[in-house]
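Q: Hey, could you walk me through a few helix pairs and residues in this one? I'm new to this.

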Amino acid sequence: ERAGHAAAIGCYMDDGRDLDSVITDVLRPLKLTMTPDARQMLISRLGADRVMSRGEIEKLALYAAGQEQITEDDVEAVVGDAAELTLDRIVNAAALGDGARSVTELQRALTAGESAQGIISAVQRHFARLHRIRASVDAGKSIEQVIGEIRPIVHFRQKDILAAQSRAWRLDTLDAALAGIGIAARTARVSSGLEDLLAERLILTLSRLARPIR
């Protein structure tokens, strides 16, 4: 900080009060207001990344253009949970064979405070779901039918991505992927000091499995 050729700039994650101000800054020029419940729901779904949060608020404002007030239904229809979206980006990139992007998203998530073990668990859930879909498709059902029957319901923005992955991965490759994920999950639990490295190695391994599919 005392160096004459450098500057120290404090960068802090947004909290609820910061997000409330960002919402007001975006909506006021557009003459849009929100119900108190809708505002609280929106804050709960935004993350610490200011640029990402502003983008979600602007998208909501565009969706609600012409209305006097934004409601909970509007927030539910447009704004996804930031933490879930972050995990989705990691998992989807790995499942589509894009190792570089998956690692980039992983590092962002870890820097923002996400648990490596939580990320590995999310990867495990996703690939288990892919396995169930692929098994049902191999048994004669259509991918669209299987995805439509999944509970909890798949978000509409995820349906096409999940369908593409389900078409691409074979059941035997998914068996190998799940075996590797299981080993990573167990190792991370007993060697927590290595969990970040294990998560990175896992998504790179999954990306390599997906490359022949791509």
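A: Right-handed means the near helix is turned clockwise from the far one by less than a right angle, and left-handed means anticlockwise. Helices here are DSSP runs (H or I, at least four residues), numbered from the N terminus. This is a predicted model, where local features need pLDDT of at least 70, side-chain atom pairs count only at pLDDT 80 or more, and totals for chains, interfaces and linings use all residues. Residues are numbered from 1 along each chain as its sequence is written, and side-chain values use heavy atoms, with hydrogens and water left out.

Q: OK, at what angle do α6 and α11 cross?
A: Roughly 155 degrees, and their axes come within 9 Å. Axes are lines fitted to C-alpha atoms, for helices over the stretch in contact, and angles run from 0 to 180 degrees between N-to-C directions. α6 and α11 therefore count as roughly antiparallel (over 145 degrees; under 35 is roughly parallel, 65 to 115 roughly perpendicular, the rest oblique).

Q: Which residues of α6 and α11 make the contact?
A: From α6, they include Val103, Leu106 and Leu110, and from α11, Ala199, Ile203 and Leu204 are among them. Contact means heavy atoms within 4.5 Å.

Q: And how do the residues of that contact divide into nonpolar, polar and charged?
A: The α6 contact with α11 has 6 nonpolar, 4 polar and 2 charged residues. Ala, Val, Leu, Ile, Met, Phe, Trp, Tyr, Cys and Pro count as nonpolar, Asp, Glu, Lys and Arg as charged, and the others, Gly among them, as polar.

Q: What about α7 and α11, how do they pack?
A: Helix α7 (residues 116–138) packs against helix α11 (residues 195–210) at about 25 degrees, with the axes 8 Å apart. That's why α7 and α11 are roughly parallel to each other. Their crossing is left-handed. Among the residues making the contact are Ile120 and Phe127 of α7 and Leu202 and Leu206 of α11.

Q: Switching topic: is Asn92 buried or exposed?
A: Buried, because its relative accessibility is 8%. Buried means under 20% relative accessible area, exposed over 50%, and partly exposed in between (1.4 Å probe, protein chains only). Asn92 sits in helix α5 (residues 82–95).

Q: What does Asn92 touch?
A: Not counting residues up to four places away in sequence, Asn92 touches His126, Gln158, Ile161 and Gln165.

Q: Last one, where's Thr187?
A: In helix α10 (residues 171–190). Thr187 is partly exposed, at 28% relative accessibility.

Technical notes
Helix = DSSP H or I, 4+ residues; strand = E, 2+ residues; numbered from the N terminus.
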